[in-house]
Amino acid sequence: MEKICVAVRVRPPTPESSSSENGSSLWKVEDNRISLHKSLDTPISTASYAFDHVFDERSTNACVYELLTKDIIHAAVEGFNGTAFAYGQTSSGKTFTMTGSETDPGIIRRSVRDVFDRIQMISDREFLIRVSYMEIYNEEINDLLAVENQRLQIHEHLERGVFVAGLKEEIVSDAEQILKLLDSGEVNRHFGETNMNVHSSRSHTIFRMVIESRGKENSSTDAIRVSVLNLVDLAGSERIAKTGAGGVRLTEGKYINKSLMILGNVINKLSESSKLRAHIPYRDSKLTRILQPALGGNAKTCIICTIAPEEHHIEESKGTLQFASRAKRITNCAQINEILTDAALLKRQKLEIEELRMKLQGSHAEVLEQEILKLSNQMLKYELECERLKTQLEEERGKQKEQEQCIKEQQLKIENLNNLVTNSDFKKNQSEDFISLRRTQVGRCNVNDSSGFPGTPCFESAEPSFVVARSKYSGLSDFSPMVDSLGDVADEDTWTKLNKGFVPDLDQLQFTPAIKRQPTPLIAATTECSRENQKVVEDLKSQIELLTSEKDSLQVKFSEQVVLNNKLLGEISELKEGTLHMKEIPKLLSESVANCKDVYKDVIVTMKTLMAEKESPTAKLFFGVTGITTSLLSTLESQFSMILDGQKAGSIIDHPLYDQWETLRVSLKNTASSLLLDAQAKDEILNSHDKGQEAGAMEEKLKSELSIVKERYNELEKELSLDKLLLKASRESHERLEKEVQFLKEERDSLDVAVSQSTQRLRVIASDKENALKDLNVEVKRRKEMEEEIKQISFAFSSRQKSLMSFHNEIKSKMQKLTTQNPKLK
Ligand SMILES: Nc1ncnc2c1ncn2[C@@H]1O[C@H](COP(=O)(O)OP(=O)(O)OP(=O)(O)O)[C@@H](O)[C@H]1O
């Protein structure tokens, strides 16, 4: 187990920035520490970071290679997998570090030369070297050594691990040959000009050397070593606002930021304690999938994080340093990769059996026998444990299937909900609709409003669980985002955001045991093997526990979602009911207005016939009132016609407008009939020739009636303005209602997203379980083989013991014979 080696390199300031920023860098490098200083040279305590190496602006590629990469290259020659990669924002010097210049070659060229120098020094082994060069451009793998090999796929093999199918591998015999291949590959690389870098890498490149070696002598008995060396130049993260990217550059930028964010996620998960990290999202991007062995796997890895010293890049530089801090906590488990030929395996086993025999012949025979027995028992125990885990897994799978079924049903429900919402025809200006809805939602509205207007929907009174559940969706998901949901990643420098707020805690560092897949040496290693097996089984057990708990939490979340969904469904059906009810109002109102109009027309006709003297004050007043009332009626009519637009009939009896119009109708009718009676009385009075006295009384009466009409008119005017206010309030309520519906729709959409994320997560868990099961099967198979071997050894041991016993008895009988023949010997 060893930690990843992490270094930081500060690029020299650009000529423009050194002239504009007085040439003084805010980043100070002291030994292996880098800290941010304020302009007055006071250090900022929270921005000080320590790494394995920190290279300042004056350091050369030669120095970086010597201190950081050289050991990994030498280890690769010896059979260890190795990876070196450069990470940092755009224009911070990654390509300069990996590729370098003519005068100061970068890590890749230096590594190539060093590999061959090293090979020259190893005289007892022979080497075969293959190289490949690929780029990941817009999440597609292209072969840089064979342009026709585009969009290559990643495959996984039990023994070979993750590999890129169809990638050209050139067998090379010297460094010069590789350097030429590199130059030809460089031509095919995607570069582009941005505001930040005139020669910006638009893809991640991976230069790979596969180093195979075997001993020159006794080659049939020696294992073949195969190691993979990856030298990676990542594309730089970029802020679109700074790079000024558009069109193709923008698309590239989005892909670059997305894959770097996933790399950041993987690093974050790996830097967590092993108890917390349930799932490492290697599969979320091609880059992380290819680099999987280098990140927490079987490889020696170094990361060089490059930063730009300019003040306007401080945020990006801090992000890079936080990424580096996390990477520093990752532990790899590198081991020599050996492939044993059958002959080599046989020879090794023979040697081991011989060793065991020697031990058996010594005084430890019994102890060893016991140990073998103990081991056999342990094997049996582990096998049983494996069986148990297997059945547990089967059960888990069954449960998972059920859950998937549940999710499908849920999705169906959501679709129905969707249809319901889209079918609901909420039109603008249907303000009165809300009045009816108010009745249906009386429990949830502010009906006791002092204004007496219809209450507005009140969500404070909603059940707390509803609010809690809703707030959950606004929070960030606790698992890594899926590639497809990151469409707008490039709009914000998300990876920098992601890196913020990290507090390194090295004490919590945990190690992940790696599963060894190599053939295991026999007897001498049995104890070690059993311990290892135990560890593996425990590891698998803990993995299963983690998966189970994760599944449980998902199930809880899922049932919460179901509850929330049901609630939303209820609310939406309530709203729908309300809407149907509301649709009835306008027609009735318009009917009411038509009624009033008819009555009023009758009244006017009657009144006109009564008004003999058209120029009298009473007639003038009457006609004036008639005009006003007509205009009132037309206003109301136009308002209702606006509301009626597109609505259907229904019934509403208790609407305030209905009451008012009813009162108006009755009052007009009464006035008309009283006027009619008065006119008749007047006729009678005139007929009785008592003109003087009666005319005065009649005038008085008419005046008083006129004032009543006036008052009534004023009242009507007030009622009308009240109605207007009511209409306004209703309109506002309707708008609020519409917003609420919109909000519910959004809520439903977010639920949709959450459910699909859960589904994806479940799928990932399922595949993880599948992998765990595969590993278990491999383990079981291996254990069976070992058991077989132990049986054979036990058998050999017992036959050896028997022969020893017979030999012993033979000697004994011979001795006895000798002593009987020659008693002197006694
Ligand atoms: N250590 C250094 N010494 C001198 N010049 C450097 C150094 N590092 C970077 N530069 C120069 O800075 C510029 C940008 O560097 P480079 O292209 O390597 O950045 P990058 O991180 O690879 O950018 P991108 O991600 O956009 O490809 C180049 O002109 C390069 O020569």
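**Figure 1. Packing of helices α4 and α5 in a predicted model.** The axes of α4 and α5 are 9 Å apart and form an angle of about 155 degrees (axes are lines fitted to C-alpha atoms, for helices over the stretch in contact, and angles run from 0 to 180 degrees between N-to-C directions). That angle makes α4 roughly antiparallel to α5 (angles under 35 degrees count as roughly parallel, over 145 as roughly antiparallel, 65 to 115 as roughly perpendicular and the rest as oblique). The crossing in which α4 passes α5 is right-handed (the near helix is turned clockwise from the far one by less than a right angle; anticlockwise gives left-handed). From α4, I108, R109, V112, R113 and F116 meet A175, I178, L179 and L182 of α5 (two residues are in contact if their C-beta atoms, placed from the backbone, lie within 7 Å). Because the model is predicted, local features need pLDDT of at least 70 and side-chain atom pairs count only at pLDDT 80 or more, while totals for chains, interfaces and linings use all residues. Residue numbers start from 1 along each chain as its sequence is written.

**Figure 2. Packing of helices α2 and α4.** Here the angle is about 45 degrees and the axes are 9 Å apart. That makes α2 oblique to α4. α2 passes α4 in a right-handed crossing. On the α2 side the residues are N61, V64, Y65, T69, K70, I73, H74 and V77; on the α4 side they are I107, R110, S111, D114, V115, R118 and I119.

**Figure 3. Helix α4 and its surroundings.** α4 covers residues 107-121, and its end C-alpha atoms are 21 Å apart, in agreement with the 21 Å that 15 residues should span at 1.5 Å a residue (the expected span is 1.5 Å times one less than the number of residues). Its buried residues are I107, I108, R109, R110, S111, V112 and V115 (a residue is buried if 20 or more other C-beta atoms lie within 10 Å of its own, exposed if 12 or fewer, and partly exposed in between, with C-beta atoms placed from the backbone). The buried residues of α4 pack against the helices α2 (61-78), α3 (94-98) and α5 (175-188), and also against the strands β7 (82-88), β15 (204-215) and β16 (224-233). In α3 lies F96, which is partly exposed, with 19 other C-beta atoms within 10 Å. From F96 to I107 the C-alpha to C-alpha distance is 9.1 Å, for a separation of 11 residues in sequence.

**Figure 4. Helix α7 against helix α9.** α7 has 25 residues and reaches 36 Å from its first C-alpha to its last, close to the expected 36 Å. Of its 25 residues, 21 are buried, so α7 is largely enclosed by the rest of the structure. α7 and α9 (residues 314-327) pack at an angle of about 40 degrees, with their axes 8 Å apart. That makes α7 oblique to α9. α7 passes α9 in a left-handed crossing. G264, I267, N268 and S271 of α7 make the contact with F323, R326 and A327 of α9.

**Figure 5. The largest nonpolar core and a second core.** The largest core has 80 residues, of which V6, A7, V8, C302, I303, C305 and A324 touch the most other members (a nonpolar core is a set of buried Ala, Val, Leu, Ile, Met, Phe, Trp, Tyr and Cys residues joined through C-beta atoms within 7 Å). Helix α7 (residues 247-271) supplies the largest share of this core, nine residues. Apart from neighbours within four places in sequence, V8 is in contact with I34, F51, V54, C305, I307, L321 and A324. A second, separate core has five residues, including I414, L564, L568 and L751.

Figure 6. D31 is exposed, with 8 other C-beta atoms within 10 Å.

Notes
Helix = DSSP H or I, 4+ residues; strand = E, 2+ residues; numbered from the N terminus.
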